[in-house]
Structures are given as C-alpha cells and as structure tokens.
Amino acid sequence: MAKKIVGIYQITCVKNGKRYVGQSKDIKRRFNQHKRKPPARMVEDFEQYGVAEFEFKILEECPPPEELDRKETAYINELHPEYNIRTEGQGMSDEGREKLRKLNTGKKHPETSKKVKCVESGEIFSSQKAAAEAYNTTTSSISNVLHGKQVTVAGFRFEYVDGSPSETRENRLLKPVRCIETGNIFPTVKEAAKSVGINSRTISAALHGQSFTAAGCHWEFADGRPANIRPEETRKPRRKPVRCIETGMVYESIRAAANSIGVCSTTIGHAVNGRYEKVSGCHWEFVDKRSHKPYKGNPQQKRGKVVRCVETNNIFKTISEAAIHVGICVSLISQALHGKIKTAGGYHWELVKENPAPIPVKKLPKTTAKIVRCVETQKIFNSVREAAESLGIHSSAIGHALQGKTKTAGNYHWEYLTA
C-alpha cells in the first residue's frame with residue numbers, strides 16, 4: 001500500500017504563472033481530486049487551458065498534522081498565490097468565507113438552475129434537482145430527457161419553462177445539414193446521405209471532425225450548430241511520388257505508376273510499404289524514402305496455400321506469390337478461389353493439395369444370404385427374404401423351418417441349397 005504524503009502542495013498554471021497553495025493529509029489523493037474538480041478560482045483556467053497546463057508540486061512534507069495550518073499560512077503569506085481565497089490555514093475568516101460564498105453562487109451551472117416543466121402534469125419546478133426530488137429520480141435522468149439522451153423518466157417528459165430549446169430525441173435525429181460546395185440543404189443526415197449515395201455515418205464523421213469530406217464535399221449543420229470540421233491543413237498529402245528502382249522512372253503517385261504498367265495500385269502500395277518484394281519484376285520505393293519500409297518477407301507465406309493458374313498451369317506456393325506474379329490484389333485471387341468471382345487477372349484459379357489424402361474405398365458389406373429351395377414346388381430363391389416376399393410370409397418363419405424349430409413355413413418344407 002502506497003504511503004500517504006502529509007504536507008503543503010502548490011498548483012501552478014504554466015500559461016499565466018498563477019498559483020494555488022493548499023494542505024492535505026494525502027497529497028497524491030488531493031491532486032487527483034483537484035484534477036477532476038479544481039478549486040473555485042481555477043475553474044475558468046482549467047476549462048481554457050486543460051489540466052495538462054498545470055504543474056502539481058509538493059512544497060514541504062509535514063509528518064505532524066498539527067503543523068499543517070501554520071505551514072500553509074506561512075506559505076500563503078510568503079507566495080501570495082492568486083488562486084487562493086483565504087489567507088490563513090484551514091480556518092477561514094468571515095471575509096474569506098463571504099468571498100467563497102459569492103464565488104460559488106456565481107459559478108452555478110446555468111442549465112441546472114433553469115426552471116423545468118413536466119409535460120404531462122404541467123408542474124413547474126425551480127430546477128432539475130427539484131423535479132428529480134418530486135418524481136423520486138436523479139438529476140442526471142432529468143437532464144438526459146432535456147438533452148434527448150432518453151425519451152422519458154418515470155414515464156414523464158420534461159422541458160425548459162423559459163423557452164430554451166430542450167434537445168429532444170427527435171431534435172437530435174432531425175439535424176438539417178448543408179453541403180458547402182453545392183449549397184443544398186437536407187433535413188437530416190440520412191436524407192443527405194441518400195441523396196449523394198453514401199452511408200450516413202460518412203457525413204456524420206465529416207461533421208464531427210473525424211474526416212475531411214464525404215462524397216468529395218464538405219458539410220456543416222444548417223441550423224447554426226457548430227460542426228467540428230477538421231481543418232484542411234491537418235490533412236496528410238495523399239499523393240506521394242514513387243520510383244521504379246530498376247528503370248529509374250518516377251511517377252507522381254502510386255495510382256499513376258499502377259496505371260502505367262497495368263497493375264492494381266494496391267500491389268504497388270504493398271511493394272513500397274514492404275509487404276511485397278517485387279511487382280511486375282521490379283522493386284519500388286517512395287521518392288522521399290522517409291515513409292519507405294524495406295521488404296522483410298511476407299509472414300503469411302508460412303501458412304500460405306498452394307494455388308494453380310488453370311490456364312497457364314503455373315503453381316505458386318502462396319496466394320501472395322501468385323498475386324505478385326500476375327500484378328493483382330491478393331483479395332481478387334482469394335475471391336476467385338472461394339467462388340465469389342469467376343476470374344482474377346483474366347485467369348481461373350484453384351487450390352492445390354501438395355499431399356492429397358487418398359480417397360477411402362467404400363467396402364461392400366459381406367452378404368450372409370444363402371440359397372434356399374421349397375421342397376414341394378422345387379422353386380429356388382437366392383435368399384430367405386426373397387422366398388418370404390414371394391409367398392407373403394415373414395422371413396423368420398422360413399428361418400425357423402430351415403433351422404428345424406418348425407416343420408413348415410407357409411405350409412411348405414424348406415431346405416438350404418448347397419453348391
């Protein structure tokens with residue numbers, strides 16, 4: 001168990017140099033508390049700069065807890081920390097208490113203090129907390145209903161009294177969006193996606209800064225809501241010039257190189273990223289060489305499958321080797337092998353078993369049928385069953401007559417016919 005550190009600590013904002021001095025019987029735990037909920041005067045700077053811009057430091061360890069008040073007061077008087085309200089240790093003066101009360105009053109969250117109304121009953125409450133107490137639920141549940149995260153709480157809906165827009169679930173789904181390039185406005189993201197023929201998540205990703213564009217266009221909310229649009233300057237260059245090492249030819253992009261030699265661009269990409277050794281008999285590299293990865297062998301070759309090109313009868317140890325030879329993607333040959341497409345690279349493909357297991361020969365069961373003869377009619381049957389079916393009696397009756405258990409079967413005597 002970690003030892004608790006008792007003493008005086010200091011928190012400094014790196015951006016503006018302001019400080020806070022405090023005391024604690026477990027400083028590490030207090031640091032974690034401040035990171036989640038900073039002191040009142042530090043809240044604004046915490047929100048503006050973030051916790052990463054604050055330095056947490058232990059000023060002095062005080063094993064006797066009785067010394068904490070005196071030490072804290074001494075450091076406050078010496079350093080004059082800007083974030084501190086009181087100028088003494090643990091105890092607080094009337095003036096300091098009044099400052100703290102005013103500060104805390106002014107820092108109330110505006111949304112939690114707004115009046116809310118129950119839609120069904122029409123009751124009005126001074127705050128979300130009052131509504132939660134009246135309906136025996138939590139404040140967070142009321143807030144979730146007001147912000148559209150859930151439809152009802154305890155079977156009731158709530159809304160703000162002063163006309164503030166409560167973002168109901170319907171409002172969250174019905175967000176009009178605008179295509180910046182064309183200026184077209186769509187009532188929802190889904191409608192916009194359907195219009196341009198893409199998935200709605202693609203447009204949503206562009207609106208929330210996860211991607212730059214969707215369907216080649218930029219998007220924004222049409223009702224004035226701020227969209228977290230990703231700045232273009234953070235985009236990595238999409239085209240990197242590549243060079244064929246053997247010929248020395250330089251192409252402006254992987255796609256241009258692939259089009260020039262008539263192969264799939266993915267294979268060139270694999271070659272410059274170290275997954276393939278060669279494509280069309282040549283080595284490839286990025287011109288700047290900064291992003292180039294040397295070929296280290298394909299780890300998939302160890303568990304590769306032997307394949308054959310039906311037309312040329314060439315056999316390859318792995319699908320990757322076949323793909324490199326033909327200059328197409330591995331996935332295309334794999335799809336052809338699994339019957340998803342008919343050909344890959346203009347050829348048919350099949351798997352080859354190096355040591356095919358011998359097909360087991362199905363052995364015919366040994367027959368136990370014996371030829372029998374009816375003594376009276378002298379008719380011969382190949383088996384007891386055949387004789388029984390001919391006379392319309394049970395085969396066991398003829399069997400009993402043959403074994404001497406009964407004299408006749410079907411009013412006839414029976415005997416085995418030996419060769």
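A crossing of two helices is left-handed if the near helix is turned anticlockwise from the far one by less than a right angle, and right-handed if clockwise. In this predicted model, the crossing of helices H14 and H15 is right-handed. The axes of H14 (residues 384-391) and H15 (residues 395-402) come within 8 Å and cross at roughly 120°. Angles of 65 to 115 degrees count as roughly perpendicular and those over 145 as roughly antiparallel, and H14 and H15 are therefore oblique to each other. On the H14 side, the contact is made by Val384, Arg385, Ala387 and Ala388, and on the H15 side by Ser395, Ile398, Gly399 and Leu402.

Helices H10 and H11 pack with their axes 8 Å apart, at an angle of about 120°. H10 and H11 are therefore also oblique to each other, and their crossing is right-handed. Here Ile254, Arg255, Ala257, Ala258 and Ile261 of H10 meet Ser265, Ile268, Gly269 and Val272 of H11.

The protein averages a pLDDT of 80, and 81% of the residues score at least 70. Among the elements, strand S1 (residues 7-13) has the highest mean pLDDT, at 92, while helix H7 (residues 169-173) has the lowest, at 51. Where pLDDT is low, the predicted coordinates should not be read in detail.

The interior comes next. In soluble globular proteins, nonpolar side chains tend to be buried together. The largest nonpolar core here holds 26 residues, of which Ile268, Val279, Trp284, Val307, Ile333 and Trp349 touch the most other members. The elements giving two or more residues to this core are the helices H10 (254-261), H11 (265-272), H12 (319-326) and H13 (330-337), together with the strands S10 (242-244), S12 (284-286) and S13 (307-309). A second, separate core of 13 residues includes Phe186, Leu207, Ala214 and Trp219.

Neighbours within four places in sequence aside, Ile268 is in contact with Ile254, Ala257, Ala258, Ile261, Val263, Val279 and Trp284. Ile268 is also one of the H11 residues that meet H10.

Val189 is in helix H8 (residues 189-196). With a relative accessible area of 17%, Val189 is buried, because the cut-off for that label is under 20%. Along the sequence, Val189 and Ile203 are 14 residues apart, but their C-alpha atoms are 6.8 Å apart in space. Leaving out residues up to four places away in sequence, Val189 touches Lys175, Val177, Ser200, Ile203, Ser204 and Leu207. Leu207 is one of the residues of the second core.

Val145 is found in helix H6 (residues 139-146), and at 4% relative accessibility Val145 counts as buried.

His80 lies in the loop between helix H3 (68-79) and helix H4 (94-106). Phi of His80 is near 50°, a positive value in a residue other than glycine. At 57% relative accessibility, His80 counts as exposed, since that label applies over 50%. Asn313, in the loop between S13 and strand S14 (315-316), has a phi near 65°, again a positive value in a residue other than glycine.

Methods:
Residues numbered from 1 in each chain as written. Heavy atoms only, no water. pLDDT = per-residue confidence, 0-100. Helix = DSSP H or I, 4+ residues; strand = E, 2+ residues; numbered from the N terminus. Core = buried A, V, L, I, M, F, W, Y, C linked by side-chain atoms within 4.5 Å. Buried < 20%, exposed > 50% of the residue type's maximum accessible area, 1.4 Å probe, protein only. Contact = heavy atoms within 4.5 Å. Axes fitted to C-alpha atoms, helices over the stretch in contact; angles between N-to-C directions. Parallel < 35°, antiparallel > 145°, perpendicular 65-115°, else oblique.
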